[in-house]
Amino acid sequence: MELQVREMRLEETPLVIDYFHSSTPEHLEMLGVDPSRLPPKDAWASLFRSQFSLPPEERRGVFVIWLGDGRPIGFSSCDKIVFGKQANMHLHVTEPAQRQQGIGAHCVRLSVDIYFRVLRIHQLFCEPNAFNIGPNRTLQRAGFKYIKTHMTVPGPLNFHQAVNRWLIERTPES
Ligand SMILES: CC(C)(COP(=O)(O)OP(=O)(O)OC[C@H]1O[C@@H](n2cnc3c(N)ncnc32)[C@H](O)[C@@H]1OP(=O)(O)O)[C@@H](O)C(=O)NCCC(=O)NCCS
């Protein structure tokens, strides 16, 4: 399968909304996501429209799409962005049957390159649920360094949980 990673277009954002809204309670639990905190589909679409109207340095989130042979197979996003300094990333292969075949590790590496370039950051964090083996193994494979395990509410969609903090650092491009 030919893998490609690029910034997501507005018309592709239903991939994100549909992924979360069609996830089973068990999957959301593994992600550390509280289903009651998912924005309704329409409100979420309108949030995307307003975010995409802003330049990258003013956006609260940046999204990239993962394509396999030209078709969407996953996505990544960044939030907690401090432009020119740091951000937090997330990672998802949307179809369960396509997981554990090397897509995540490959696409995370390509996503990381995009975030460092677009956001001009020098630190990129990722904080998956500590009990969710997939992302923890994938981040290590993609070159992230383990920092610590701690209890937190990682984001607006999440419940209080144990997470592992992973980090990649790079010197900003001049
Ligand atoms: C996390 C995710 C994006 C990883 O993508 P992937 O394509 O499955 O990962 P890869 O096939 O590249 O695997 C990378 C490594 O992780 C391991 N791994 C991945 N999923 C695993 C699992 N469920 N159990 C054990 N090991 C797993 C692979 O064996 C591989 O290990 P290696 O480095 O020893 O070879 C994908 O599993 C996913 O979408 N999971 C559900 C969403 C999720 O949990 N997102 C994280 C939210 S923060």
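Predicted model: local features only at pLDDT ≥ 70, side-chain atom pairs only at ≥ 80, totals over all residues.
Biologist: Which element gives the most residues to the largest nonpolar core?

Modeller: The largest nonpolar core has 28 residues, and those with the most contacts inside it include Trp66, Cys78, Met89 and Phe144. The elements giving two or more residues to this core are β2 (62-68), β3 (71-82), β4 (86-93), α4 (103-119), β5 (123-126) and β7 (161-169). With 9 residues, the element that gives the most to this core is α4.

Biologist: How many residues does the other core have?

Modeller: In soluble globular proteins, nonpolar side chains tend to be buried together. Apart from the largest core, which has 28 residues, lies another core. Val16, Tyr19, Phe20 and Phe52 are among its members, and its number of residues is 18.

Biologist: Which residues does Phe144 touch?

Modeller: Phe144 is among the residues with the most contacts inside the largest nonpolar core. Leaving out residues up to four places away in sequence, Phe144 touches Met89, Val108, Val112, Leu124, Phe125, Cys126, Leu139, Trp166, Leu167 and Ile168.

Biologist: Why do the buried residues of α3 lie on the same side of the helix, and how wide is the arc they cover?

Modeller: The buried residues of α3 are Trp44, Phe48, Gln51 and Phe52. An α-helix has 3.6 residues a turn, so residues three or four places apart point the same way.

Biologist: What span does helix α3 reach from its first C-alpha to its last?

Modeller: Helix α3 comprises residues 41-52, which makes 12 residues. At 1.5 Å a residue, the expected span is 16 Å. The span in the model is close to this value, at 17 Å.

Biologist: Which elements are included in what covers the buried residues of α5?

Modeller: The buried residues of α5 are Pro135, Asn136, Thr138 and Leu139. They are on the same side of α5, because they cover an arc of only 165 degrees around the axis. What covers these residues includes β4, α4, β5 and β7.

Biologist: Which exposed residues does the face of α5 turned away from its buried side carry?

Modeller: The buried side of α5 holds Pro135, Asn136, Thr138 and Leu139. The face turned away from that side carries the exposed residues Ile133, Arg137, Gln140 and Arg141.

Biologist: At what distance is an oxygen atom of the ligand from an N or O atom in the side chain of Arg141?

Modeller: The ligand is surrounded by 21 residues, and the closest are Val93, Gly102, Gly104, Asn132 and Arg141. A ligand oxygen is 2.8 Å from an N or O atom in the side chain of Arg137, and a ligand oxygen is also 2.8 Å from a polar backbone atom of Ala105. For the side chain of Arg141, the distance to a ligand oxygen is 2.7 Å.

Biologist: Is Asn136 buried or exposed?

Modeller: Asn136 lies in helix α5, which spans residues 133-141. Its contacts, not counting residues up to four places away in sequence, are Pro128, Asn129, Ala130, Asn164 and Trp166. The relative accessibility of Asn136 is 8%, and a residue under 20% is buried, so Asn136 counts as buried.

Biologist: Which backbone nitrogen lies 2.8 Å from a polar atom of the side chain of Asn129?

Modeller: Asn129 is placed in the loop between β5 and α5. With 8% relative accessibility, Asn129 counts as buried. Beyond its neighbours within four places in sequence, its contacts include Glu29, Met30, Gly32 and Asn136. The backbone nitrogen at 2.8 Å from a polar atom of its side chain belongs to Phe131.

Biologist: What distance separates the C-alpha atoms of Glu7 and Ile65?

Modeller: Glu7 is found in strand β1, residues 3-7, and at 35% relative accessibility Glu7 counts as partly exposed. The residues Glu7 touches include Phe63, Val64 and Ile65. Glu7 and Ile65 are 58 residues apart along the chain, and their C-alpha atoms are separated by 6.1 Å.

Terms used
Residues numbered from 1 in each chain as written. Heavy atoms only, no water. Helix = DSSP H or I, 4+ residues; strand = E, 2+ residues; numbered from the N terminus. Buried < 20%, exposed > 50% of the residue type's maximum accessible area, 1.4 Å probe, protein only. Contact = heavy atoms within 4.5 Å. Core = buried A, V, L, I, M, F, W, Y, C linked by side-chain atoms within 4.5 Å. Expected span 1.5 Å × (residues − 1). Near = heavy atom within 4 Å. Polar contact = N/O pair within 3.5 Å; in protein donor to acceptor, adjacent residues only side chain to side chain. Arc of directions from axis to C-beta.
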